[in-house]
Amino acid sequence: MSLVDLSNVVKRFGALTVLDEASLNVEQGEIVAIIGRSGSGKSTLLRCINGLEAIQAGRIVVDGTVVNEPGTDLRALRQRVGIVFQSFNLFPHLSVERNITLAPRVVKHVPNAQARELARVALRKVGLEDKIDAWPDQLSGGQQQRVAIARSLAMSPHLMLFDEITSALDPELVGEVLKVLEEMAREGMTMMLVTHEMGFARRVAHRVVFMHHGKVWEQGPAAQTLAKPNTPELETFLSAVLH
Amino acid sequence: MTYSFQFRDVFAAWEFLLDGLMLTLLLSAVTMVAGLGIGAAGAAAKVYGGPWVRRIVAGYVEAIRNTPLIVQLFLVFFGLPGIGIKFDAETAAMLTLSVNLGAYSTEILRAGLEAIPKSQLEAGRSLGLSGWQVFRYVVFFPALKVIYPALASQLVLLMLATSVVSQISAEDLFHAASIIQSRTFRDFEVYAVVAVAYLALALIFRALFALLHHLLFARR
Amino acid sequence: MIRDLSYIDVLYLIAAMRWTLALTVIAFLGGGIVGIVIALLRTANWPPLRWLGALYVHGVQGTPLLAWLFVFFFGLSIFGITVSPWIAAAAAYSIYAGAFLGEIWRGCLQAIAKTQWEAGASLGLSTAQQLRYVIVPQAVRIAIPPTVGFLVQLIKNTSLAAVIGFVELTREGQLTTATTFRPFTVYLIVAALYFALCFPLTRWSRRLEGRLHVAR
């Protein structure tokens, strides 16, 4: 069974249909890059997967849990599904360590000493072990984003969602964040990432999913799909982003 | 113990309530005009005045804003006659409320003036507008728009605060309540009725301010 | 009996400030509890709860504090309940302060970006945990300046309790005036004493606010 299974998902904001019967499967260990124009529904798709957005129709099953059912324990699901946002969303009133250990401590009741070790391990993975006692506003954007990744990793998720995590960064800081993702890819983490970094998608992703008008318009193996798109819409999109 | 509510006695004295209501409305209206006038002058003095003028205005604002209205009222109505200055209750009430609102609106209006970026003034100046024209055409409306919500709620608070003048026997709506109370002994009913009357006034004031806001700013 | 105003009277006035302060503390505690409830109601997800909170705030902010004092002090006696000025004042001021504090704190809660809630939720925190660990600690920081500012309003408004015979600073001023017939001096002193209480708080609130803006 797929780790993520979306079938005919419909999401509306008022009169605006953002997801229009979108369907997608993601297997354990797979890395899926989701591309598309802004407004094509790719971020919304990601946010539906951990229940941040409620859907109007269709069915979402993640890691054996039906997300869109009343009574679903979303909290339990979210402990297994990490998400990293475009705007980092670190907690500004907490140190780096506390940012990372907050959820392990209050959700999983990990003792303090053990939680600090957890933070250290997570920070090592993103190359920021020396920043464990720093505060978010002392870090660069790239460092903040890496802390945000570490914060998710500390919950030992089965699946990681990345929502345009390099879009708010200065160009020279993008590389350090992508490097962390590549490292995670090597370790076999299942990842779904909404991204504008086509080179990165081709290099790291197993599969590329092109969203258009709220639908999964075209998908396939990364290198092949990006090199030889089947639909004119993807072709137009690619020629626009690859100038 | 059982108690049967008797609103009839209270409403039988509607003439008192109506007279009181008229004074409350009059007090509110006069005070708004005078207080906003003082506030406009105070704000202008604070923003454009020399250091001494600014200091004096600041002293006035702080003195008023850090002392209770009722004490200000007592000082004017009971205190000033002691040094030979006498007012009747209504005049003392209007004077005190105006001076009080003047201090609060000075601060609000000043914030409005300061909210307009310098670049706007420079743009106006560089087009050849005079100082007054810059104020009239560049500063006034945007500044008013910024402070409108604060100003509107301050004016509603003022209307409610006029009830304090009953304590120097000015015959406002709240004073009418005490008179009816002393005649009917329907304490609960009369204060409940008066509270609802103030609530209705506050809602009407808010609605009027909202309407005015729409008329002033809808197309800007 | 009329006698001259002496320094003893001034000392009595100063001593009466403790009841002003005591009433302020009670009002702040009572109002704080009501305010927390109102702030949570006003930010609740379920609309009827929000309406309930709005109804309370608009109701209280649309009526004079004086009316609440009178309703509790005179009004409740009709039910055969004798209400002391203390109880009446505590009840009236809690209701009044609760509406204003609730609005201030609601604003502070809503000033925290929605993305902070989301970040908490996506880590598996419950709504209560998001409030407790993520939102409230940040909201408290921005709530302090306006809360101190409201404290000044509260101190000034405790003067209205004088009208139901609660002996605090203003009432003590009235009593002193009655025996000395020196209303101008007495009320000037009373005003000065209020100023001495309020002005430092006003300055403090403004400084805190300035610091908050610098910190951003």
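Read along the sequence, chain B runs α-α-α-α-α-α-α-α-α. That comes to nine helices and zero strands. Helices here are DSSP runs of H or I with at least four residues, strands are runs of E with at least two, and both are numbered from the N terminus.

This is a predicted model, in which local features need pLDDT of at least 70, side-chain atom pairs count only at pLDDT 80 or more, and totals for chains, interfaces and linings use all residues. Residues are numbered from 1 along each chain as its sequence is written, while chains are lettered from A and ligands numbered from 1 in the order in which they are written.

Stay with chain B. Its C-alpha trace spans about 75 × 50 × 30 Å along the principal axes. The chain has 220 residues, and 41% of them count as buried. A residue is buried if 20 or more other C-beta atoms lie within 10 Å of its own, exposed if 12 or fewer, and partly exposed in between, with C-beta atoms placed from the backbone. Now take the contacts in chain B between residues at least 6 apart in sequence: 76% join residues at least 24 apart. Two residues are in contact if their C-beta atoms, placed from the backbone, lie within 7 Å.

Next, look at where chain B meets chain C. Here 31 residues of chain B are in contact with 34 residues of chain C. On the chain B side, α3 (51-65), α4 (69-79) and α9 (187-217) each supply at least two residues. The largest share, ten residues, comes from α9(B). By type, this side of chain B divides into 23 nonpolar, six polar and two charged residues. Ala, Val, Leu, Ile, Met, Phe, Trp, Tyr, Cys and Pro count as nonpolar, Asp, Glu, Lys and Arg as charged, and the others, Gly among them, as polar.

Chain A touches chain C too. There, 17 residues of chain A are in contact with 15 residues of chain C. The elements of chain A that give two or more residues are α2 (74-80) and α3 (96-108). The largest share, four residues, comes from α3(A). This side of chain A holds ten nonpolar, five polar and two charged residues.

N8(A) is not a glycine, yet its phi is positive, near 50°. N8(A) sits in strand β1 (residues 4-13) of chain A. It counts as partly exposed because it has 13 C-beta neighbours inside 10 Å. S169(B) is not a glycine either, and has a positive phi of about 65°. S169(B) lies in the loop between α7 (131-161) and α8 (173-184) of chain B. With 14 other C-beta atoms within 10 Å, S169(B) is partly exposed.
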